[in-house]
Amino acid sequence: MAEGKQRSTPKADAVFRAVSEGIATFTADDLLITSVNPSITRIFGYSPQNLVGRSISVLLDSGDGAEPGVPDAHALDLTGKRADGSSFPLEMTIVAADVPSDPFYVATFRDVTERRRLERMKDELIANLTHE
């Protein structure tokens, strides 16, 4: 890396594009999105151009219409907010990148809608079996 700038390798770029989790990088000072991978579009419905430069909180639903802040934790169960305004269960992990000259965060996002649906079905099945 030269002159404090990040350079990505073709392999790192391929991983960034290939993973199924949504990935976003955002600035440490004002929490503005600086890059997203293609899975963000699949999960949230936003194009990369509609996210870069916006607050990371646009992807989170506070539930009360207020602008949510960025959670102060590393791995969280939250509610995501899609471009169409719909909400969904979301796992979000935030890590600080170790670049002293240009601090930023990396967030990964996973839509857990299907997992939650299966958990509910399992719980209902168990409840029905224990009552018979």
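## Strand E1

Gly22, Ala24 and Phe26 point one way from E1 while Ile23, Thr25 and Thr27 point the other way, and all of them are buried (buried is under 20% relative accessible area, exposed over 50%, partly exposed in between, with a 1.4 Å probe and protein chains only). Six of the six residues of E1 are buried, so the strand is largely enclosed by the rest of the structure. Strands here are DSSP runs labelled E of at least two residues, helices are H or I runs of at least four, and both are numbered from the N terminus.

A word on the model: it is predicted, so local features need pLDDT of at least 70 and side-chain atom pairs count only at pLDDT 80 or more, while totals for chains, interfaces and linings use all residues. Residues are numbered from 1 along each chain as its sequence is written, and side-chain values use heavy atoms, with hydrogens and water left out.

## Who E1 pairs with

E1 runs antiparallel to E5, joined to it by six bridges (strands pair if DSSP finds at least two bridges between them). Look at Ile23 and you'll find Thr108 as its bridge partner in E5.

E1 also pairs with strand E2 (residues 33-36), again antiparallel, over three bridges. There, Phe26 stands opposite Ile33. E1 and E2 make a hairpin with five residues between them, and Leu31 in the turn has a positive phi of about 60 degrees.

## Thr27 at the end of the strand

Thr27 belongs to E1, which covers residues 22-27. Its side chain makes a polar contact of 2.3 Å with the side chain of Asp30 and another of 3.5 Å with that of Asp29. A polar contact is a pair of N or O atoms within 3.5 Å; within protein, one must be able to donate a hydrogen and the other to accept it, and residues adjacent in sequence count only if both atoms are side-chain atoms.

Leaving aside residues up to four places away in sequence, Thr27 touches Leu32, Thr34, Pro103, Phe104 and Tyr105 (contact means heavy atoms within 4.5 Å).

## The Phe cluster

The structure holds three aromatic pairs. The rings of Phe44 and Phe88 have centres 5.5 Å apart and planes at 65 degrees, so they sit edge-to-face. Rings of Phe, Tyr and Trp (its six-membered ring) pair if their centres lie within 6.5 Å; planes under 30 degrees apart are stacked, over 60 edge-to-face, and the rest tilted. Phe44 is in helix H2 (residues 38-44) and Phe88 in strand E4 (residues 87-96), 44 residues apart.

Both Phe44 and Phe109 are buried. Ring pairs link Phe44, Phe88 and Phe109 into a cluster.
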